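The paragraphs below go through one protein model, from its surface to its fold and then to its aromatic rings. Please keep the sequence and the structure in view while reading.

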Amino acid sequence: MPEEVRPEGHQAETTLGQRISGFRRDRALSTSALAARAGLSKSYLSILEADAAETRRPSVRTLQRIATALGVLLSDLTGGAPARGLERTPELVSFASSEGLPDSDIDMLASIQFRGQAPQSEERWRYIYNAIRISEPLDEGRGRGGPLNAAGSSATGEPPVEKDLG
């Protein structure tokens, strides 16, 4: 089994608030944007981030909503041990190190298999990671032409935009 190398992440930050704030800044999200994604008030999120003494004890449900909104594991937020069972191949570790990927992104990539096998080259990891990154606006309805419904039309009723490949 390859040696597991975990790049420095927000696990070293000592409080829950510091970890939330660090992940939020990594994603270039404002407090308002993260609060909206997580379904929380901006003031409550601000209180959690500023709680150096950790006197606030958010529920697991609240933490899960924040983790989901940030695209990280609950263990990333709580500072717990990362999920085991995800093999980080040498090619993935090398790619992740060269790109400075956060642990949550590496764990997400480590879970990917195609026909029972993980990608075998740094180039393939890069291709997959970039495909996921550039497709993110589709989840937010900002993709070209907007999201498509079952009939192949966008949410606005317009047909999808076709590219001229000639």
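The accessible surface of the protein is about 10,300 Å², and carbon and sulfur atoms make up 51% of that area. Accessible areas come from the Shrake-Rupley method with a 1.4 Å probe, and for residues only the protein chains shown count as cover. The model is predicted: local features need pLDDT of at least 70, side-chain atom pairs count only at pLDDT 80 or more, and totals for chains, interfaces and linings use all residues. Residues are numbered from 1 along each chain as its sequence is written, and side-chain values use heavy atoms, with hydrogens and water left out.

The protein has 8 helices and 0 strands, where helices (H or I, at least four residues) and strands (E, at least two) are DSSP runs numbered from the N terminus. Of its 166 residues, 33% are buried, that is, under 20% relative accessible area with a 1.4 Å probe and protein chains only. Among contacts with a separation of 6 or more, 53% join residues 24 or more positions apart; a contact means heavy atoms within 4.5 Å.

A pair of aromatic rings is described by the distance of the centres and the angle of the planes. A search of the whole structure finds 1 aromatic pair, the criterion being ring centres of Phe, Tyr or Trp (its six-membered ring) within 6.5 Å. F95 and Y129 form this pair, with 5.9 Å centre to centre and 65° between the planes. The pair is edge-to-face because its planes are over 60 degrees apart, whereas planes under 30 degrees apart count as stacked and the rest as tilted. It links distant parts of the chain, 34 residues apart: F95 lies in helix α6 (residues 90-99) and Y129 in helix α8 (residues 122-139). F95 is buried, with a relative accessible area of 0%, and Y129 is buried at 10%.

Key:
Buried < 20%, exposed > 50% of the residue type's maximum accessible area, 1.4 Å probe, protein only.
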